[in-house]
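Please read the following note alongside the sequence and the structure. It is written as numbered points for discussion.

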Amino acid sequence: MSSIQLFRPRAFGETSRRDIWWIQPLAVFLGFSAFIVYSTWAAFQNAHYTFGPYLSPFYSPEIFGDSHHALFGPKPGWWPGWLPFSPAFLILWAPAGFRFTCYYYRGAYYKAFWADPPNCAVGEPRKSYWGENSFPLIMQNIHRYFFYLAFAFIVILAYDAWKGMWFEDPATGATSFGIGIGTLVLIVNVLLLGSYTLGCHSLRHLVGGRFDHLSARPGRMKAYHCVSCLNRKHMLWAWLSLFWVGFTDVYVRLCSMGIWTDWRIL
Amino acid sequence: MPPVTFNIWRGGAEGGEFKEYRTEVTEGMVVLDAVHQIQAESANDLAVRWNCKAGKCGSCSAEINGKPRLMCMTRMSDLPVNQPVRIEPMQAFPSIKDLVTDVSWNFEVKKRLKRFKPRKPDAPDGSWRFAQADTDRVQEFRKCIECFLCQDVCHVLRDHHKHEEFIGPRFFVYSAALEMHPLDEEDRLEDLKRANGIGYCNITKCCTKVCPEHITITDNAIIPLKERVVDRFYDPVRMLLRVIGG
C-alpha cells in the first residue's frame with residue numbers, strides 16, 4: 001500500500017479542544033502518584049499493620065513477620081542482612097502487577113504519566129512509538145497470570161475479613177464473635193477489590209469471551225454476563241478499590257498507633 | 001440570537017488557514033446547517049462532504065472545537081458560542097479541500113482483510129442454524145456507519161502515522177464482527193498480530209469516546225481480540241496445551 005500524505009503534524013499539547021482536557025490526566029497522575037507514594041511508605045514501615053484481629057491488606061498474607069498473623073514465623077534467617085525487610089515486600093508485587101497490567105490502568109497511565117497521548121486529539125511529545133507491540137510493553141500480555149494471583153488474594157482477604165469478626169478477650173484469651181468498624185472496613189475492602197478483580201477483561205475472555213458458541217455452554221454464558229456486568233464499570237471499581245485498600249491500611253495503622261479508636265458495633 | 005462566529009479551515013493538501021465567518025444560528029440547528037448557511041451566504045466554494053443529515057451515512061465527519069464529531073449530529077445549542085466555533089477536517093487523513101478528506105486508505109485496508117468464511121450449511125437447503133445469543137455480541141459491531149471518527153482520533157494513526165502497520169479501531173471492530181461470528185471459520189489471529197498491528201493499540205479508549213453509534217470499541221472489540229492473540233502467541237500454558245493436544 002502506498003504511503004499517504006497527512007494533513008499536518010501537531011506539537012506536544014497542541015489541540016483545538018476547548019475543554020479543560022488536561023484535568024483528567026492530571027487527576028489520574030495525582031491519584032496514582034499519591035497511592036504509589038503512600039503504599040511504598042507503608043510497605044517500608046514494617047510496623048502498625050495489625051490491630052486486634054485486623055490485618056492490613058498491604059501485609060496480607062503475612063508469610064513471614066512478627067505479628068500473630070504470620071504464617072511461617074518471623075523474618076527468615078536466609079534474608080540478606082543488607083536488604084530491608086517487610087512482610088509487604090513479599091506480596092505487594094502481585095496486586096501491583098495486576099493493576100499495572102490492567103487494561104483500564106494501562107490506558108490511564110499511558111496518558112497521565114507518558115503523555116501517549118496526553119488526552120484524545122491532543123499532540124504528543126514524541127515522534128517514535130512502539131505501543132504494546134514490542135519490549136517492554138509487550139509484557140503487558142501477562143495480565144491473565146496476574147489475575148490468577150489477584151484472585152487468590154481476594155480469597156485471602158475474604159478470610160481476613162472473616163477473622164476480623166473474632167475478637168480476643170485480653171483478660172481470658174477467649175475469642176468471641178463481634179463486629180467493629182474495622183470489620184466493616186475489611187468487608188468493604190474485599191467487596192470492592194472483588195468487584196474490580198472479577199470484572200477483569202482477561203477473566204471475561206477466559207470464562208466465555210473466547211468462545212463463539214456460548215449458547216452451547218450455559219454456565220459459561222452466565223459467568224460471561226456476570227463478568228461483563230462488572231466489567232462495564234471496571235474504571236469505577238478500579239478507583240474505588242484503590243482508594244479503599246489504601247484507606248484500610250490507614251485505618252488499621254491509626255488504630256494500631258492509638259490515634260483512632262476502633263468502635264465496636266457488636 | 002446574535003450571529004455566531006465560525007473559524008473554518010480553508011485549504012487543501014498543499015496547506016491552508018482558518019477563515020472567519022459569521023452567520024445567524026436559530027433554534028434546532030446543527031453544525032452542518034450552519035456550514036450550509038455559510039456556504040449559501042458567504043463561501044460558495046466551501047467544500048463539505050455530507051449526505052443523510054441523520055447520523056447514518058458517516059459522511060460529514062470533521063473536528064468541531066478539536067473533537068472528532070459528525071457535523072449533522074452536533075447541535076449548535078451544545079457548543080459555547082461566546083467564542084468562535086472551530087471546524088476543521090479530520091487530521092488522520094490527507095486533506096482534499098476545506099473540510100473534505102481522502103478516506104480511501106480505509107477502503108484499501110478493508111480489501112486486504114480476510115473475508116467472512118462460513119462453515120458448511122447446516123441444512124440441505126443451504127441455510128444455517130445458530131442461536132441469537134451467539135450473535136448478540138457481534139450485532140453491536142454491525143452498527144458501524146464507517147464515519148472513521150475512531151480512526152481519526154486514534155493517536156497511532158493521527159500522531160504516529162502507522163497507516164502501513166496498523167489498521168485502526170474501525171477495522172478491529174470489523175475483524176471482531178467476523179472473528180466472533182458463530183458461523184465463521186476463518187483464522188485472523190496471525191494477521192491481527194502481525195499485519196494489522198493490534199499490539200500498537202494502547203487502550204486509550206478515544207475511539208470509544210467519539211463513536212457516534214456508541215459502539216464499545218475498546219472493551220468489546222479490541223480487548224477481546226487482544227486476549228485471543230494472547231491465547232495464541234503469549235500464553236505459555238495455552239501454547240503448551242495446544243502442543244500436547246495437537
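This is a predicted model: local features need pLDDT of at least 70, side-chain atom pairs count only at pLDDT 80 or more; totals for chains, interfaces and linings use all residues.

1. The contact between the chains draws on 53 residues from chain A and 65 residues from chain B. Together the two chains bury about 5,000 Å², with 51% of this area on carbon and sulfur atoms.

2. Seven salt bridges are found between chain A and chain B; one of them joins Asp212(A) to Arg228(B), with 2.8 Å between the closest N and O atoms.

3. On the side of chain A that touches chain B, the elements giving two or more residues are helices H4, H5, H7 and H8 of chain A. The most comes from H7(A), with six residues. By type, the residues of this side are 19 nonpolar, 18 polar and 16 charged.

4. Over all chains, the structure holds 39 aromatic pairs. In one of these, Phe29(A) and Phe113(A) have ring centres 4.7 Å apart and planes at 45°, so the pair is tilted. It links helix H1 to helix H4 of chain A, across 84 residues.

5. Phe113(A) also pairs with Phe32(A), and here the rings are stacked, at 6.3 Å between centres and 15° between planes. Phe32(A) is buried, because its relative accessible area of 6% is under 20%. Phe29(A), at 32%, is partly exposed, and Phe113(A), at 35%, is partly exposed.

6. Phe29(A), Phe32(A) and Phe113(A) belong to one aromatic cluster, whose members include Tyr104(A), Phe151(A) and Trp239(A).

Methods:
Residues are numbered from 1 along each chain as its sequence is written. Chains are lettered from A and ligands numbered from 1 in the order in which they are written. Side-chain values use heavy atoms; hydrogens and water are left out. Contact means heavy atoms within 4.5 Å. Buried area is the accessible area (1.4 Å probe) that two parts lose on being put together, summed over both. A salt bridge is a side-chain nitrogen of Lys or Arg within 4 Å of a carboxyl oxygen of Asp or Glu. Helices (H or I, at least four residues) and strands (E, at least two) are DSSP runs, numbered from the N terminus. Ala, Val, Leu, Ile, Met, Phe, Trp, Tyr, Cys and Pro count as nonpolar, Asp, Glu, Lys and Arg as charged, and the others, Gly among them, as polar. Rings of Phe, Tyr and Trp (its six-membered ring) pair if their centres lie within 6.5 Å; planes under 30 degrees apart count as stacked, over 60 as edge-to-face and the rest as tilted. Buried means under 20% relative accessible area, exposed over 50%, partly exposed in between (1.4 Å probe, protein chains only).
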